[in-house]
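Morning, everyone. I'll start at the ligand and then turn to the aromatic rings.

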Amino acid sequence: MKLEQQTINGIEIRIAENTDQASAVTAELIAEQIRQEPRSVLGLATGGTPMETYRRLIQMNQAGNVSFAEVTTFNLDEYIGLSPDHPQSYRAFMNANLFQHIDIDLQKTHVPSGIAVDIASECKSYESKIRSAGGIDLQLLGLGHNGHIAFNEPGSPGESRTLQVDLTAETIEKNSRFFESIDQVPRHAITMGIATILESRRIVLLALGESKADAVARMLRGLITSSHPASELRNHPAVTVVLDRESASKLGSTELSPKS
Ligand code: F6R
C-alpha cells in the first residue's frame, strides 16, 4: 500500500491513495491499539466516514486478528429525541455497523441516551463513566464540512464537556441524507465536549473525499480558532490525521477558503 506521511503544524498526517486504503490504515491503527492493550477504552464516531473502517474491523475480528472482548467504548454523540432502537439513532448505527458483528460485550459499549428525562444529568453521568473507565485511550473522529468535531459546531467553547447542543442548519441539511425528510432530523444532540475529546490519550481523525478538502486544509493550516473546532486538535500532542488523496487535495496550497 502506498502511503505518504508528513507532519503539518505538529500533526502527523497519513495520506492514502483512496478511501479504501485510508479506511484500512485507520482500522489497523485501532486494531494495533487493542492488541497492545486488550482492555482499551475507545472513543467511536458514527456517520459515513467510519463505515468502511468498521467493516474492516469486523473482518479482522471474525478472522481472529483482533478481539474486542475486553474493550470498552464511548460514542461521541447521540440525537436528542431518538430512542436507542430508532433506526437513525447513533446507538442503532453502532449496533448495526459494528457491535452486532464483533465479540464485544454490549454492556461495555456506551452511547449517550437521547431520551433521558434529564439531559443535563445524562451529560454529567456520561463524563463520569468515561472517567471511571480510566479515560479514552484512542478517540476516532470524523470531520464536519464546517469543521465540527462530534457535534461541537463552530463557536463551541474549547473547555466544553459533554453537553446538549443545537445542530446548525448546515449539519441538519447534511445529515438529512440518512432520514426520509429533513423535518425528521433532530435539532438537538448530546455530544462529548471539546475538552472531553482533547483529554483522550490519542486521537485519530479520518476525513474522506473532496467535499472535506477545505475543512481539512483549515484544520491543519488555518488559525487555531473555535470557529473551526477541528483546528483545536493542534493543541493535542498525539493526533494522527488519515486522509485520502481527495480530502488532502487542498493541503499543498497556503491559499485557504475565504472563510479562513
Ligand atoms: C459522528 C460525528 C460527526 C461526524 C461528522 C462527519 O459521530 O460526531 O462529527 O464525524 O459530521 O460526518 P460524515 O462522516 O457522515 O461525513
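Start with the ligand shell: 13 residues surround the ligand. The closest are T49, D77, H148, A150 and K212. Keep in mind that this is a predicted model.

What is the make-up of that shell, by nonpolar, polar and charged residues? Four are nonpolar, six are polar and three are charged.

T49 has a side-chain N or O atom 2.4 Å from an oxygen atom of the ligand. For H148, a polar side-chain atom lies 2.6 Å from a ligand oxygen. G48 uses its backbone: a polar atom there is 2.9 Å from an oxygen of the ligand.

How much of the ligand does the protein bury? Taken alone, the ligand exposes 410 Å², and the protein buries 94% of that. As for location, the ligand sits in the largest pocket.

On to the rings. The structure holds five aromatic pairs. Take Y79 and F151. Their ring centres are 5.8 Å apart and their planes are at 40 degrees, so this pair is tilted. Stacked would need planes under 30 degrees apart, and edge-to-face over 60.

Where do the two partners lie? Y79 is in strand 5, residues 77–79. F151 is in the loop between strand 7 (138–141) and strand 8 (163–166). The pair therefore ties together parts that are 72 residues apart in sequence.

Key. Residues are numbered from 1 along each chain as its sequence is written. This is a predicted model: local features need pLDDT of at least 70, side-chain atom pairs count only at pLDDT 80 or more; totals for chains, interfaces and linings use all residues. Side-chain values use heavy atoms; hydrogens and water are left out. A residue is near a molecule or strand if one of its heavy atoms lies within 4 Å of it. A polar contact is a pair of N or O atoms within 3.5 Å; within protein, one must be able to donate a hydrogen and the other to accept it, and residues adjacent in sequence count only if both atoms are side-chain atoms. Accessible areas come from the Shrake-Rupley method with a 1.4 Å probe; for residues, only the protein chains shown count as cover. On a 1 Å grid over the protein atoms alone, a cavity is a set of points where a 1.4 Å probe fits but cannot get out, and a pocket is an open set with protein on both sides within 12 Å along at least five of seven lines; lining residues have an atom within 4 Å of a point. A molecule sits in a cavity or pocket if more than half of its atoms lie within 2 Å of its grid points. Ala, Val, Leu, Ile, Met, Phe, Trp, Tyr, Cys and Pro count as nonpolar, Asp, Glu, Lys and Arg as charged, and the others, Gly among them, as polar. Rings of Phe, Tyr and Trp (its six-membered ring) pair if their centres lie within 6.5 Å; planes under 30 degrees apart count as stacked, over 60 as edge-to-face and the rest as tilted. Helices (H or I, at least four residues) and strands (E, at least two) are DSSP runs, numbered from the N terminus.
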